[in-house]
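Visitor: I'd like to learn how to read a fold from its coordinates. Could you walk me through one?

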Amino acid sequence: MMWLFVAMTLQCYSLCSGASSLDKLSMCMDAKHHKTTPGPEGELYLQCAPWRDNACCTANTSSEAHQDNSYLYNFNWNHCGIMSPQCKKHFIQDTCFYECSPHLGPWIEEANQSWRKQRIVNVPLCLEDCHIWWEDCKNDVTCKTDWHKGWDWSSGTNKCPKDTQCRKWTDVFPTPKAMCEQIWSNSYLYTTHSNTSGRCMQMWFTGENPNKKVAEYYLLNSVDQQLKLSFTALLILCVTPLFLVV
């Protein structure tokens, strides 16, 4: 009877975990400008356009993502002089990815912040995304490693704090890994996976969104791991009374 209970419990847990995973496969995080649920947005602007078939952002959000002084977050890319166009391109893609992607569920966590209830943590980025981003920005300048916090907002937009100075990009971020992982408080995880591996998320793509299959992979791995842990725990519960009897 005990083993029957174990089998039924694992089957129930597997079904529940599977349903939960399906929910995370296509969802929008609870944040400042995100839609409640993803859906088609045919008028997404320029670098946000790849998500038009299924997006968590609106057309207005996609347009504002391309502005230097956007109402989205009042964030100033030019805090250490004019950011180069090739560098800014990646930050626009980064914004579109964050605002529009419906496949970030495996990495969404609760956030204790006034402007959002959820955030992403350790999203595995493809090797090419980090390296090309860093290469295109390496001649730019900035004054901070973590752009999420610590700015001087007294003017209504971000300025470098008094105790900092503008430095060359490669002095602040000596490697692509340092930049990708530090710049947004570990929102991204540097990986050595290529964009053809199916094991990393791409900030830019054409055609069908490749990130859905990546999210599926990580969700299934998460469920499998949880099942293994649950089976081990239940096995211990079943075997322990036998040792107690002996």
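Visitor: What should I know before I start?

Guide: This is a predicted model, in which local features need pLDDT of at least 70 and side-chain atom pairs count only at pLDDT 80 or more, while totals for chains, interfaces and linings use all residues. Residues are numbered from 1 along each chain as its sequence is written, and side-chain values use heavy atoms, with hydrogens and water left out.

Visitor: How many helices and strands does the secondary structure of the protein chain come to?

Guide: Helices (H or I, at least four residues) and strands (E, at least two) are DSSP runs, numbered from the N terminus. Here you get seven helices and six strands, and from the N terminus on they run α-α-α-β-β-β-α-β-β-α-α-β-α.

Visitor: What percentage of the residues in the protein chain is buried?

Guide: Buried means under 20% relative accessible area, exposed means over 50%, and partly exposed is in between, with a 1.4 Å probe and protein chains only. In this protein chain of 246 residues, 45% are buried. Contacts are worth a look too: a contact means heavy atoms within 4.5 Å. Among contacts between residues at least 6 apart in sequence, 65% join residues at least 24 apart.

Visitor: Which residues have the most contacts inside the largest nonpolar core?

Guide: General idea to begin with: in soluble globular proteins, nonpolar side chains tend to be buried together. A nonpolar core is a set of buried Ala, Val, Leu, Ile, Met, Phe, Trp, Tyr and Cys residues joined through side-chain atoms within 4.5 Å. The largest one here has 46 residues, and Phe 91, Trp 133, Trp 147, Trp 169, Trp 184 and Tyr 188 have the most contacts inside it. Two or more residues come from each of helix H3 (85–100), strand S3 (123–125), helix H4 (127–137), helix H5 (169–172), helix H6 (176–182) and strand S6 (188–190). H3 gives the largest share of this core, seven residues.

Visitor: Which residues does Trp 133 touch?

Guide: Not counting residues up to four places away in sequence, Trp 133 touches His 90, Phe 91, Asp 94, Met 179, Cys 180, Trp 184, Tyr 188 and Met 203.

Visitor: And how do I read a pair of strands?

Guide: Two strands pair if DSSP finds at least two bridges between them. Strand S1 (residues 108–113) and S2 run antiparallel, joined by four bridges. A hairpin through two residues links S1 to S2, and Glu 110 stands opposite Gln 118 in S2.

Visitor: Is Ile 120 buried or exposed?

Guide: Ile 120 lies in strand S2, and it counts as buried because its relative accessibility is 2%. Its C-alpha atom is 7.9 Å from that of Tyr 188, 68 residues apart along the chain. For a second case, take Val 123 in strand S3, which is buried with a relative accessible area of 0%. The C-alpha atoms of Val 123 and Leu 189, 66 residues apart along the chain, are separated by 5.4 Å.

Visitor: What lines the largest pocket?

Guide: On a 1 Å grid over the protein atoms alone, a cavity is a set of points where a 1.4 Å probe fits but cannot get out; a pocket is an open set with protein on both sides within 12 Å along at least five of seven lines, and lining residues have an atom within 4 Å of a point. Grid points are joined across faces, edges and corners, and a volume is the space filled by probe spheres set on the points. The largest pocket holds about 570 Å³. It is lined by 26 residues, and Tyr 73, Phe 75, Trp 115, His 148 and Trp 184 are the closest to its centre. The largest share of the lining, four residues, comes from H3.

Visitor: Where is Leu 46 found?

Guide: Leu 46 sits in the loop between helix H1 (2–25) and helix H2 (59–64). It has a positive phi of about 35° although it is not a glycine, and at 54% relative accessibility it counts as exposed. Pro 161 is in a loop as well, between strand S4 (141–142) and strand S5 (167–168), but Pro 161 is buried, with a relative accessible area of 15%.
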